[in-house]
Amino acid sequence: MIIGITGTNAAGKGEAAKYLIEHHEFQSYSLSDVLREELATVGAEATRENLIEKGNRLREDEGPGVLARRIVDRIQRIPNYVTANIVIDSIRNPSEVEELRKLPGFYLVVIDAPVEVRFERERARGRVGAAASLEQFIELENLERSTDPHKQQLDTVMKMADRQISNHWILPALHREVERIVYRRISWDEYFMKMAFLVAERSTCLRHHVGAVIVRDKKILTTGYNGAPSGAEDSLQLGCLRDQLHIKSGERQEICRATHAEQNTLVQASLHGVTTQSATIYCTHSPCIICAKLIVNAGVKRVVSCRAYPDDSFKALFDQTGVEYVTVNKPAMQISVLD
């Protein structure tokens, strides 16, 4: 489980991370640590103003997602990181969220509280560079609410969160909210998307493992993965024809030994007499234009995916024909249950 924490200053972000570390053995990473390391190399004090200024300068020099990219790189070096419990804090730019979303199962939580409450907490902490008055506290906070893509955009980041916690209660109440996140029940979209990734494990493609599940009324109708037609030799036996012909991904889909995952789910429905009218297809990747045409004619009304196949021509077709297209985060690949 990978939990990201964002929110306003002194709202309780650090306390939530501390609880995860002490009570659930989470490993901790902070985007601010990257900035502290940078400041330490030049002997600068890690005041709030210096951290903000250094972060803005790094984003301008290396792109708005630079801090998150560095943290993602560190996390991906952990053996079996996809099964680790990790908490990441100090997330304050939309591009940082986008980078962190590349981690399987990343779940963003925002923690907030009334500004007067947060100011009193800040005074009680007595940190270097703390605001001397409520007015100064608000003035410093406004530095984090920029609309410049290379600066802190806290308001935008908070709107991107998967869960919001209002922390104006006593500490045990915050801990209870954190517990609800650790043991949260996955959504229906996560549930079926996770199944699509399981189906993808049957793929025989040498480029992309793709899985698809057709669902109606929360019931699975059919599943399918990309692979050779039944009874035919596949890429594992013969090699990738597209690689042999130097065809880029997303082009000339007809030159391939495999049937696409979406096509296989629709064929299975036809073979067994199952209607797909008004159904939803969950697929690990977005559809190519050929699959999109079949999806429309099969009466499917909703397509959910979390990875982009390099062919987005389906979007215009879906807009024209009223098929809803939804992208979700890649689900955590581990199975998390209480034994």
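User: How far is the sulfur of cysteine 306 from the closest cysteine sulfur?
Analyst: In this predicted model, the closest cysteine sulfur to that of cysteine 306 belongs to cysteine 283. The two are too far apart for a bond, because a disulfide needs sulfur atoms within 2.5 Å and the distance here is 8.9 Å.

User: Which residue holds the closest cysteine sulfur to that of cysteine 283, and how far away is that sulfur?
Analyst: The limit for a disulfide is 2.5 Å. The sulfur of cysteine 283 is too far for a bond from its closest cysteine sulfur, at 7.6 Å, and that sulfur is in cysteine 291.

User: How many disulfides does the structure hold?
Analyst: A disulfide is a covalent bond between the sulfur atoms of two cysteines. For cysteine 283, the closest cysteine sulfur is too far for a bond. The number of disulfides in the structure is zero.

User: Is cysteine 306 buried or exposed?
Analyst: A residue counts as buried under 20% relative accessible area. Cysteine 306 has a value of 11%, so cysteine 306 is buried.

User: Which strands stand at the edges of the sheet?
Analyst: Five strands form an open, parallel sheet in the order S2-S3-S1-S4-S5. An edge strand has a single partner, so one side of it is left without a neighbour in the sheet. The strands placed this way are S2 (27–30) and S5 (163–166).

User: Which residue in S3 stands opposite glycine 4?
Analyst: Strand S1 (residues 2–7) runs parallel to strand S3 (residues 86–89), and three bridges join them. Opposite glycine 4 stands isoleucine 88.

Definitions and conventions
Residues are numbered from 1 along each chain as its sequence is written. This is a predicted model: local features need pLDDT of at least 70, side-chain atom pairs count only at pLDDT 80 or more; totals for chains, interfaces and linings use all residues. Side-chain values use heavy atoms; hydrogens and water are left out. Two strands pair if DSSP finds at least two bridges between them. Helices (H or I, at least four residues) and strands (E, at least two) are DSSP runs, numbered from the N terminus. Buried means under 20% relative accessible area, exposed over 50%, partly exposed in between (1.4 Å probe, protein chains only).
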